[in-house]
Amino acid sequence: MSKRLKIAIQKSGRLSKDSLELLRDLGVKLQIQEQNLIAFASNFAIDILRLRDDDIPGLIFDGLVDIGIVGENVLQEHALEKKANGESAEYELLKKLDFGFCRLALALPLSVKYENIKDFENKRIATSYPYILKDFMQKKGISYKTCVLKGSVELAPRANLADGICDLVSSGATLEANSLKEVESIFSSSACLIKKAGKLSNENEFLLNKFLLRIDGIMQARESKYIMLHSPKNKIDKIISLLPGVETPTVLPLAHNDDKVVLHMVSKENLFWETMEKLKDEGASSILVLPIEKMLR
Ligand code: PRT
Ligand code: ZN
């Protein structure tokens, strides 16, 4: 068993920046050399492998790296492919992360009328995700044909290669730019943290548990806000009731003002302008909403 924890992340692409940022937020100090596949942490026994995202699930299934950060779409596609080939694809999903959000969706040209999934019967669908598509269509009992493309899937209908597509969508701008409309979302995805099956060495298990606790703290902090405001003394309960997910606030006196107090509290949700306006209507003033960097309960 390796003494150093091997973590695989995407080298360059949509998940790279957030993956590196997560490692840095965890306190891992890294010197990245752009051309190097591997980076060593200076303050933990960790090696970071920087790879194509498509290579990460296989390395986890084969137990060659301990931990990986990859999109659930890529993970699921590779797991289904392995299973279709009669091989096992074992891993442990440790955590869904709060970046890389997208969905795999079926889309058709704007000019094509769509009622329900049966409209795809015997149609040809272009995709880079043939196994997730097959799994979905089998469950729906639809026969269809595929056109497997690694890129530029959205161009397939116009090039007469396919009737529709099954591709990743986040804002929908790419579909719109290609005169396509989303008609079914078949798989929701975000980046996730996965581990190879089986036990790690004691040292690595210890390090991983430490990181998992820290990730909880980071994710909770990202969702939470620190709120400070001045409240009329007789409106404290009303004001707290307007705030989402607030725990017991700290109440402090306000210098030279006996009618108002200062409230400090952590809200588990973001605070929208509408709520701030309601707080003001109830007499609150000097409302400050601050981001929280870390949280340990
Ligand atoms: O080089 P490597 O193989 O590592 O990277 P890659 O080119 O295969 O993947 P990359 O970096 O494009 O995406 C990595 C992961 O990011 C994906 O596997 C998803 O988990 C996630 N992700 C999140 C997305 C998107 N959002 C996304 N919008 N991946 C791709 N897209 C593409 C989509 O394919 C389409 O072309 O963006 C276009 C649609 O975006 P919208 O905003 O126009 O809808
Ligand atoms: Zn890829």
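This is a predicted model: local features need pLDDT of at least 70, side-chain atom pairs count only at pLDDT 80 or more; totals for chains, interfaces and linings use all residues.
Buried here means under 20% relative accessible area, exposed means over 50%, and partly exposed lies in between, with a 1.4 Å probe and protein chains only.

Ile 186 touches Leu 104, Ala 105, Leu 106, Ile 132, Leu 133, Phe 136 and Cys 166, leaving aside residues up to four places away in sequence, where contact means heavy atoms within 4.5 Å.

## Domains and the UniProt feature

The protein is divided into domain 1 (5-99 + 191-221), domain 2 (102-189) and domain 3 (224-291), with bounds that come from an automatic or database domain assignment. Between the C-alpha centres of domain 2 and domain 3 there are 48 Å.

An unreviewed UniProt entry places the feature "domain: ATP phosphoribosyltransferase catalytic" at residues 52-215; UniProt positions are given in the numbering used here, feature names are shortened, and annotations may be inferred rather than shown by experiment. Over residues 52-215 the chain is 30% helix and 30% strand, while the end C-alpha atoms are 24 Å apart.

## Around ligand 1

Ligand 1 is surrounded by 22 residues, of which the closest are Arg 52, Asn 73, Ser 171, Gly 172 and Thr 174; a residue counts as near if one of its heavy atoms lies within 4 Å of the molecule.

An oxygen atom of ligand 1 is 2.8 Å from an N or O atom in the side chain of Gln 10, and for the side chain of Ser 170 the corresponding distance from a ligand oxygen to an N or O atom is 2.9 Å. At Gly 172, a polar backbone atom is 2.7 Å from an oxygen atom of ligand 1.

## Residues in loops

Ser 190 lies in the loop between β10 and β11 and, at 4% relative accessibility, counts as buried. The side chain of Ser 190 reaches the backbone oxygen of Leu 97 at 3.4 Å, and Ser 190 touches Val 70, Gly 71, Glu 72, Lys 96, Leu 97, Phe 99, Gly 100 and Phe 101, not counting residues up to four places away in sequence.

Most residues other than glycine have a negative phi. Ser 152, in the loop between β8 (145-148) and β9 (164-169), has a positive phi of about 50° although it is not a glycine, and is partly exposed with a relative accessible area of 45%. His 256, in the loop between β13 (250-254) and β14 (257-267), has a positive phi near 60° and is exposed, with a relative accessible area of 86%.

## Numbering and limits

Residues are numbered from 1 along each chain as its sequence is written, while chains are lettered from A and ligands numbered from 1 in the order in which they are written. Local features need pLDDT of at least 70, side-chain atom pairs count only at pLDDT 80 or more, and totals for chains, interfaces and linings use all residues, while side-chain values use heavy atoms, with hydrogens and water left out.

Note on methods
Helices (H or I, at least four residues) and strands (E, at least two) are DSSP runs, numbered from the N terminus. A polar contact is a pair of N or O atoms within 3.5 Å; within protein, one must be able to donate a hydrogen and the other to accept it, and residues adjacent in sequence count only if both atoms are side-chain atoms.
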